[in-house]
Amino acid sequence: MWVLVVLLAAVGTGDAQQVNYAQQLQRVLSQRNYSAVIPSQIPIVDTANLYVENCRDVSSTAVMDIYLRESWVDPRLVNWSHPDNSFFSKHPKLSGPEQTGMLWRPDTYFFLTRSETNHLTEYVWVFNNGTVLKSQMVTVEVPCELKVEIFPFDTIKCTISVSSYSYVVEELIYAWDKVFAPIYFDPEVTLTDQNIFLERIEPREELQAYQLGDFSALKAYFYFKRDLSPFFVQVYIPAAMVVVLSWIGFWINRDATSARASIRITTVLPMMTLALNGYSPDEPVIISAATACDLYAWICFGFVIAAMIEFALSDYFNKPRYAKAKIPIQSAHLSVEGRSVSWP
């Protein structure tokens with residue numbers, strides 16, 4: 001009971017500190033005639049980093065749960081409060097549109113995405129040196145590039161793109177965090193159910209050219225590789241073994257037609273099953289295209305069919321094409337100059 005009372009008191013104290021913090025900041029902003037527009041000291045450098053909490057459904061798209069953290073310096077907020085040392089106890093956060101709406105914030109958005117969902121209200125911290133820190137959680141469905149023709153040896157490349165909606169590069173510049181890791185991928189995120197794993201991440205800073213001007217942008221490239229062990233176990237090794245098995249008929253006597261025929265039929269049926277229903281993930285992009293895995297299976301099927309044709313040809317040429325006719329001939333006796341000659 002006492003524990004519950006203490007927890008409720010702590011929550012109430014935290015909410016009270018947050019309200020007092022927001023009221024104090026609002027009072028200072030009113031005294032300084034602060035307006036929620038971009039500062040006049042441009043360009044503003046927006047330093048960002050990403051924390052990928054979860055990643056799933058990696059195919060032609062990927063769904064990622066990420067935390068986007070941004071920080072910038074607003075000169076109008078320098079020395080707005082007494083210097084503080086403790087981040088959590090003396091810098092309560094601003095939350096909700098009523099509190100965060102008091103400040104100017106970059107209009108950051110994710111472009112080239114299939115969908116975007118904001119789960120939590122953005123949180124904002126304002127430091128005494130004018131630094132503003134913003135954090136929000138977003139679920140985005142980002143596009144991915146696949147080289148289907150070399151599946152399963154392809155590399156899946158997924159891209160997260162961040163930019164400003166209205167501020168050109170002369171006003172707002174995005175930069176990856178140079179102090180901490182710009183992108184952090186949670187090591188507990190496992191993609192074993194899809195037989196893929198994260199190979200590397202490449203953060204880049206780019207410019208996007210539009211009709212209105214150039215916009216600063218941040219891009220994060222995620223490269224995923226496939227685990228090849230299921231493909232070798234379910235396609236490559238079985239197909240090779242079926243081909244080798246079809247070659248056993250070459251060492252069987254040509255007169256043993258039944259034995260050779262049974263081996264040929266036994267190898268054709270499983271090879272046809274592998275070629276038509278080989279290992280393929282439930283991905284429409286891969287199912288509808290011809291891949292390297294399909295090519296390998298059909299080449300092995302061609303070897304098995306060639307062995308079947310060899311059996312048919314050898315069996316055909318092993319039999320006489322026609323039977324020699326037997327003509328009965330009666331023997332005759334001739335007498336030549338007193339001598340008896342028998343013919344034939």
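**Helix α5 and the cysteines**

Okay, so what covers the buried residues of α5 includes α4 (229-246) and α7 (292-317), where contact is heavy atoms within 4.5 Å and buried means under 20% relative accessible area, exposed over 50% and partly exposed in between, with a 1.4 Å probe and protein chains only. Helices here are DSSP runs of H or I with at least four residues, strands are E runs with at least two, and both are numbered from the N terminus.

Bear in mind that this is a predicted model: local features need pLDDT of at least 70, side-chain atom pairs count only at pLDDT 80 or more, and totals for chains, interfaces and linings use all residues. Residues are numbered from 1 along each chain as its sequence is written, and side-chain values use heavy atoms, leaving out hydrogens and water.

Back to α5. The buried set is Arg260, Ala261, Ile263, Arg264, Thr267, Val268, Met271, Leu274 and Ala275. They sit on the same side of α5 because they cover an arc of only 160° around the axis, taken from the directions from the helix axis to the C-beta atoms. On the face turned away from that buried side you get exposed Ser258, Leu269 and Leu276.

Now, cysteines. There's one disulfide, meaning a pair of cysteine sulfur atoms within 2.5 Å. Cys144 is joined to Cys158, S to S 2.0 Å. Cys144 is in strand β7 (residues 129-145) and Cys158 in strand β8 (residues 155-164), so the pair ties together parts 14 residues apart in sequence. The link is right-handed, with 105° about the S-S bond.
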